[in-house]
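Hello,

Here is the structure I said I would pass on. My notes on its packing follow below.

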Amino acid sequence: MKKTSIILLILLLVFQIYPVSVQASATGGCHTLQADRALAGNERYTGSAKAVILYEMNTQTLVYAHNPDEAINPTGLIKLLSALIVLEEGNLDDVVTVKRSTLNSVGVGAVSAGLKAGEEITLRDLLYCVMVSSANDAAAVMAEHVAGTQADFVAKMNTRAATAGCVNTHFTNVHGLKDDRQRSTARDLAILTELALQNEQFREFFAVTQYTVPATNMSAARNLTTTNYLMDTSSKYYDERVTGGKPAAATTTDRSIICTAQSGEASYLCVVISAKARTSGSMVTRYTNFDEASKLFDFGFDGFAVQQVLGTQQPFDLYPVSEGENRVVVGPDAEVFALLPIEFEASKLQLVDTPDGQALRAPLAEGTTVGTLAIYYDSILIGQTNLLARHDVAAQGTTIQIPDDANGNRGGSFLRLIKWVGIVLLIVGVSAVAVLIIVRRINVTRRRKAARRTRQRREV
């Protein structure tokens, strides 16, 4: 029996220990915010919001979605896009003179920073007023300064949204005050927020909870406090996992929020649109947009974890090579990490390969891309990578010389290959045991954290 055949038989043992499936019942993926399916599938939503999105940013996984494409009033959430455009096109050190006509355009009763006609204030401080306290007068002033007019700034917003792929969004003003012509969706707002979070300065403004605007020519210093109670340590809604956010309100009881949270290796973006606040008479007793965001984070952090599905040293299969002396061992070209349920069912994990017939012809060089590999969980695409040839395959009839090893012994390369195979087998075995231990520890930790948060809420 040829030595290469012995090697292939040894490698086949790996696949008998770790079998893979080559069939999947669907091709829908959960990657990116444009995904057609969420990883959580048809999990029922029990909150009061009209629409929600839960998205894990590190693995780009849409974990949960409820009415993600329903047209809604985006209210003050559009200030996130306004802020991004100001950061990209404005100079934060500019000193802006407030115009009376700009203040009159906002109207009476809107959330305000108390700006006065003739007041001189930096663009940076205007942006803090917008991002920390959601001031509508500041949003209008900074938009006019950057674009010349509010209408021109709105045109920039719509262009940017369309470029980002937001097909269900149309803006009519720069601050989000009610306008029946203005619309967006939870998905589109999440797309714009993910885009904005790529800007380092935006991330800083998104995370600020306290800021003091220095005194101006017409005002004493202004102390700003965040309206995102999830980040207010003195609030009953405080959630230590939350790293940034922007709440908004259409009415006293119609509340929304876009926020982010981090714990362990997972980083979530959450959108809650039009959650109905609880009231007693005319008083709000509970802002449910904050409650529902925290519950969605619980769902994500307690139910899912980032896990390595494939490693670069892990062989996958044996492919026949046209006109080749033998078949070729193939494996992934990169490590694949995916978000999976912590207590996932192994039977639902499927690996589906697509060989590239054009590439599988001898002579075949090590490292050649010979196909692709898709990873599914419960028929939902969770990852993909290229498959590479792990060794050379000579054409039929080619004489293969077995080189000497460093000590002059014949077959040194063969022995090194056998050693490599043994190492792979050892790594795969140890990795399997390690994964089982890690998953078990994660389960225990998650349950403890969930129980602790439940106790804390009951105490509140």
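The largest nonpolar core has 65 residues, and those with the most contacts inside it are Leu 115, Leu 126, Leu 127, Phe 153 and Phe 202. A nonpolar core here is a set of buried Ala, Val, Leu, Ile, Met, Phe, Trp, Tyr and Cys residues joined through side-chain atoms within 4.5 Å; buried means under 20% relative accessible area (1.4 Å probe, protein chains only). Elements that each supply at least two residues of this core include β1 (51-56), α2 (79-89), α4 (123-133) and α8 (200-207). Helices (H or I, at least four residues) and strands (E, at least two) are DSSP runs, numbered from the N terminus. The largest share of this core, 8 residues, comes from α4.

This is a predicted model: local features need pLDDT of at least 70, side-chain atom pairs count only at pLDDT 80 or more, and totals for chains, interfaces and linings use all residues. Residues are numbered from 1 along each chain as its sequence is written, and side-chain values use heavy atoms, with hydrogens and water left out.

Beyond its neighbours within four places in sequence, Phe 153 is in contact (heavy atoms within 4.5 Å) with Ser 82, Ile 85, Val 86, Ala 143, Val 146, Ala 147 and Val 174. There is also a second, separate core of 53 residues, with Val 63, Ile 257, Phe 301 and Ile 382 among them.

In the contact of α4 with α8, Arg 124, Leu 127, Tyr 128 and Met 131 in α4 meet Phe 202, Phe 205 and Phe 206 in α8.

Regards

Note on methods. Buried < 20%, exposed > 50% of the residue type's maximum accessible area, 1.4 Å probe, protein only.
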